[in-house]
Amino acid sequence: MAKSKFLPVFILALIVISMLQTVVMASHGHGGHHYNDQRKYGPGSLKSYQCPSKCSTRCSRTQYHKPCMFFCQKCCNKCLCVPPGYYGNKAVCPCYNNWKTKEGGPKCP
């Protein structure tokens, strides 16, 4: 007899736990991942000593490796961030994206 009273309470408890877990995961964004891409790649996400290795990755697929490394490191030292990948993705680092040449073109690769 006690088992028949316990089963509905147990099922209700499972449903409540499931709902709470869904709310917690949704509040963290990214499907429950506990990281923020802005902190990983955004402004101030690097220390200046990390610039050469990040720029080496950024410039690894260009035929203009030397100028890419020069400008990437200059931008990295100023902005303390380098966008992920080999090309594009500059939106995660506004300083890197918005720094322009005298002619108005992008300064950072």
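Buried means under 20% relative accessible area, exposed means over 50%, and partly exposed is what falls in between (1.4 Å probe, protein chains only). Keep that handy for the tour.

What you have open is a predicted model, where local features need pLDDT of at least 70, side-chain atom pairs count only at pLDDT 80 or more, and totals for chains, interfaces and linings use all residues. Residues are numbered from 1 along each chain as its sequence is written, and side-chain values use heavy atoms, with hydrogens and water left out.

**Stop 1: the whole chain**

Start with a cartoon view. You'll find five helices and zero strands, so from the N terminus the elements read α-α-α-α-α. Those labels come from DSSP runs (helices: H or I, at least four residues; strands: E, at least two), numbered from the N terminus. Of the 109 residues, 19% count as buried. Areas here come from the Shrake-Rupley method with a 1.4 Å probe, and for residues only the protein chains shown count as cover.

**Stop 2**

Select Phe6, Leu7, Phe10, Ile11, Leu14, Ile15 and Met19, which make a nonpolar surface patch of about 700 Å². Patch residues have over 30% relative accessible area and no salt bridge; like charges are joined within 9 Å, and nonpolar side chains (Val, Leu, Ile, Met, Phe, Trp, Tyr) within 5 Å. A salt bridge is a side-chain nitrogen of Lys or Arg within 4 Å of a carboxyl oxygen of Asp or Glu. Now click on leucine 14, in helix α1 (residues 2–28). Its relative accessibility is 46%, so leucine 14 counts as partly exposed.

**Stop 3: the core**

Next, select Cys55, Cys72, Cys76, Val82 and Tyr96: of the 16 residues in the largest nonpolar core, these touch the most other members. Such a core is a set of buried Ala, Val, Leu, Ile, Met, Phe, Trp, Tyr and Cys residues joined through side-chain atoms within 4.5 Å. Both α3 (51–58) and α4 (65–79) supply at least two residues each, and the largest share, six residues, comes from α4.

Zoom in on cysteine 76. Which residues is it in contact with, leaving aside neighbours within four places in sequence? Look for Leu46, Cys51, Cys55, Cys81 and Val82. Contact means heavy atoms within 4.5 Å.

**Stop 4: one side of α3**

Color Cys51, Cys55 and Arg58, which are buried in α3. They cover an arc of only 55° around the axis, so they sit on the same side of α3; the arc is that of the directions from the helix axis to the C-beta atoms. An α-helix has 3.6 residues a turn, so residues three or four places apart point the same way. The buried residues of α3 pack against α4 and α5 (94–98).

**Stop 5: cysteine 79**

Move to cysteine 79 in α4. Is it buried or exposed? Cysteine 79 counts as buried because its relative accessibility is 6%. Not counting residues up to four places away in sequence, cysteine 79 touches Pro43, Gly44, Cys93, Cys95 and Tyr96.

**Stop 6: two loop residues**

Finish in the loop between α4 and α5, with leucine 80 and asparagine 89. Most residues other than glycine have a negative phi. Leucine 80, not a glycine, has a positive phi of about 55°, and asparagine 89, not a glycine either, has one of about 60°. Leucine 80 has 27% relative accessibility and so counts as partly exposed. Asparagine 89, at 45%, is partly exposed as well.
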